Every structure is written in structure tokens, then in C-alpha cells.
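Subject: Structure for your review

Dear colleague,

I am handing over the structure that follows, together with notes on what was found in it. Please read the notes with the structure open beside them.

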Amino acid sequence: MVSKIAFLFFNYLAWGCLVLLPVVKLQEIGQGFYRFFGFTCVALQTLAVGIVIYMGADFDPLYRSAAWALGVSLFFTLCFTIALKVRVKWFLWTCFGLAVLSGFLSITYFPWEGQSAHAFKALHAISSALLLGAATLAMMLGHWYLVTPKLSISPLKRYAGGYILLTGWMALQIVLGYFFSYHIGMGGGVPPSIQQEFIFILFRVAWGLLVPLGMAYFIWETVKMKSTQSATGILYASMVCTLMGEGMGIYLTLQTGFIF
């Protein structure tokens, strides 16, 4: 179980950071930010693939297929990151698109194929990955203003606004999941697997969703005031909560069979 959680967590985080990177244009931020996150994604993907190789007996064929897809994504992510130096536009963005597509298959199709509510779990995986990516990118961009103090506040507004909206969307998904899967599918009863994990569910909702949503107002206000240092501090605390919450969400989804 631990190895599967680690594989999915690193996979989600890498894909979320990669796919949201172009929200800030290369011309706005410079190649340094892109290269930093390109190599960060490569490192996370390498960790995830390494876990499957090292703990192979713990993974069923579907997860091994996901690892193969992730390996393809790793290759193209590395090509994309190296191509930032060459700046051949068609090659750069072709590598990016292939990295995103293969990573998409690795987090949505293979881990959940054949399971109940496959499409809903795939959607939840995408949302979780995007939330992790938005939290990490927003926090790191706040630090980037120390390197490039003349950078416009607009990129931070985009990442911070996206992070706030994605947190709200994740909370809505869990509520809808409860209504459709638990209430309707279970005839109003609460499954034993949910009852057994009640404390962890409270932790996931309270720290992973409610605390970041509570910080959302302060994040947005400090960003609007162009107080990047204050915004970065709040984003750091909120990101830690999001990382813990999404990690717990992966555990609960695997343990109970329902999305969290």
C-alpha cells in the first residue's frame, strides 16, 4: 500500500507541475523557472518509476503499465527541459505535449482501469494532480520574486487563483462523491470501510481542504496588494496542508475504493 501511495503521489505531483507550467509564459518568467521545474518533474518521475522497479512484487500489471507510461513521460519531460536551452519551438512543445499525454495515461487510465466509477476516479486523479501542481508552483513562484523582483504580479495571481479554485473544486468533488456513491449507491448507509477510516477522513478534510480554503482569502488579498513575501509565507503553509491532504486522499481512495 505504501509503495502504491508513493508512486501515485510523486506521479500526480510531477504531472500537475508540468501541465500547469505554461500558465506563466516562458517570455514572462524566463527559462530558469521552466528548467527548475522541468528537472524537478524529472526527479519526481524517476522516483516514481524507481519505486515500481524496486518494489515490483507489490504492483499489479496495471500499475506496471502505468510505470511504463510514466517512463515515456519522463523521457519527453527530460527532452523538453533540455530543449529549453536550444529553443526550437516545434521540438520544445512537441516534447511537452507528449510528456503531458503519456503522464495523463499514467495517472488516469492504468491505475483505475476496470474499477468501479473508473471515470470518476480518473477525474479525481486529474484534479488532485492539478491541485498539487498549483500549490507547488504558486509557492515557488512567490520565492522567484526574490530572483526577479521586477516580475509582474499577474503570474502569481494566476497560480494563486487557480490553486484556490482547484481547492474548492476538490471539496465539491468529495461532497458529490459522497452523495452519488455513498448515499445513492449504498442506499443511504455508510460502508464499513468508511467507518473504519473516519479519523483519517476528518484529517483529510480538515487539514487538506478546510484549512487551505480558510487561507484562501489571505492569499488572494496579499497577492492583490503585491505583498509577495507575505503571500509566499501563507502559500507555503497552505501548500504543506495540501500535500498532506492529497497524500491522505490517495491512501483513502486506495483503502476504501471511494474518492477522497
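I begin with a helix pair, in which Ala-66, Ala-69, Leu-70, Val-72, Ser-73, Phe-76, Thr-77, Cys-79, Phe-80, Ala-83 and Leu-84 of H4 meet Phe-91, Leu-92, Trp-93, Cys-95, Phe-96, Leu-98, Ala-99, Ser-102, Gly-103 and Ser-106 of H5, where contact means heavy atoms within 4.5 Å. The residues of this contact of H4 with H5 divide into 16 nonpolar, five polar and no charged, with Ala, Val, Leu, Ile, Met, Phe, Trp, Tyr, Cys and Pro counted as nonpolar, Asp, Glu, Lys and Arg as charged, and the others, Gly among them, as polar.

Please keep in mind that this is a predicted model, in which local features need pLDDT of at least 70 and side-chain atom pairs count only at pLDDT 80 or more, while totals for chains, interfaces and linings use all residues. Residues are numbered from 1 along each chain as its sequence is written, and side-chain values use heavy atoms, with hydrogens and water left out.

Helices here are DSSP runs (H or I, at least four residues), numbered from the N terminus. Two packed helices are described by the angle between their axes and the distance between the axes. The axes of helix H4 (residues 61–86) and helix H5 (residues 89–108) come within 8 Å and cross at roughly 160 degrees, the axes being lines fitted to C-alpha atoms over the stretch in contact and the angles running from 0 to 180 degrees between N-to-C directions. That makes H4 roughly antiparallel to H5, a term that applies to angles over 145 degrees. The crossing of H4 and H5 is left-handed, which is to say that the near helix is turned anticlockwise from the far one by less than a right angle.

Helix H1 (residues 2–20) and H3 have axes that come within 9 Å and cross at roughly 160 degrees, so H1 is roughly antiparallel to H3, and the crossing of H1 and H3 is left-handed. On the H1 side the residues that meet H3 include Phe-7, Phe-10 and Leu-13, and on the H3 side they include Phe-37, Cys-41 and Leu-44. By class, the contact of H1 with H3 has 14 nonpolar, three polar and no charged residues.

Helix H6 packs with helix H10 (residues 228–256) at an angle of about 160 degrees, with their axes 9 Å apart, so H6 is roughly antiparallel to H10. The crossing of H6 and H10 is left-handed, and the residues making the contact include Leu-131 and Met-139 of H6 and Thr-242 and Glu-246 of H10. The contact of H6 with H10 has nine nonpolar, eight polar and one charged residues.

Two residues of this contact deserve a separate note. Leu-131 lies in helix H6 (residues 118–144) and, at 0% relative accessibility, counts as buried (under 20% relative accessible area, with exposed being over 50% and partly exposed in between, for a 1.4 Å probe and protein chains only). Leaving aside its neighbours within four places in sequence, Leu-131 is in contact with Tyr-163, Leu-166, Thr-167, Met-170, Thr-242 and Glu-246. Met-139, also placed in helix H6, is buried with a relative accessible area of 6%, and, with neighbours within four places in sequence again left aside, Met-139 is in contact with Thr-232, Leu-235, Tyr-236 and Met-239.

Turning to the rings, the structure holds 14 aromatic pairs, where rings of Phe, Tyr and Trp (its six-membered ring) pair if their centres lie within 6.5 Å, and planes under 30 degrees apart count as stacked, over 60 as edge-to-face and the rest as tilted. The rings of Phe-9 and Phe-10 have their centres 6.1 Å apart and their planes at 70 degrees, so this pair is edge-to-face. The rings of Phe-33 and Phe-37 have their centres 5.1 Å apart and their planes at 55 degrees, so that pair is tilted. Phe-33 and Phe-37 both lie in helix H3 (residues 31–54), four residues apart, about one turn of the helix, and both are buried. Ring pairs also link Phe-33, Phe-36, Phe-37 and Trp-144 into a cluster.

Finally, Lys-226 has a positive phi of about 60 degrees although it is not a glycine. Lys-226 is found in the loop between helix H9 (198–224) and H10, and is exposed, with a relative accessible area of 59%.

Key: Helix = DSSP H or I, 4+ residues; strand = E, 2+ residues; numbered from the N terminus. Parallel < 35°, antiparallel > 145°, perpendicular 65-115°, else oblique.
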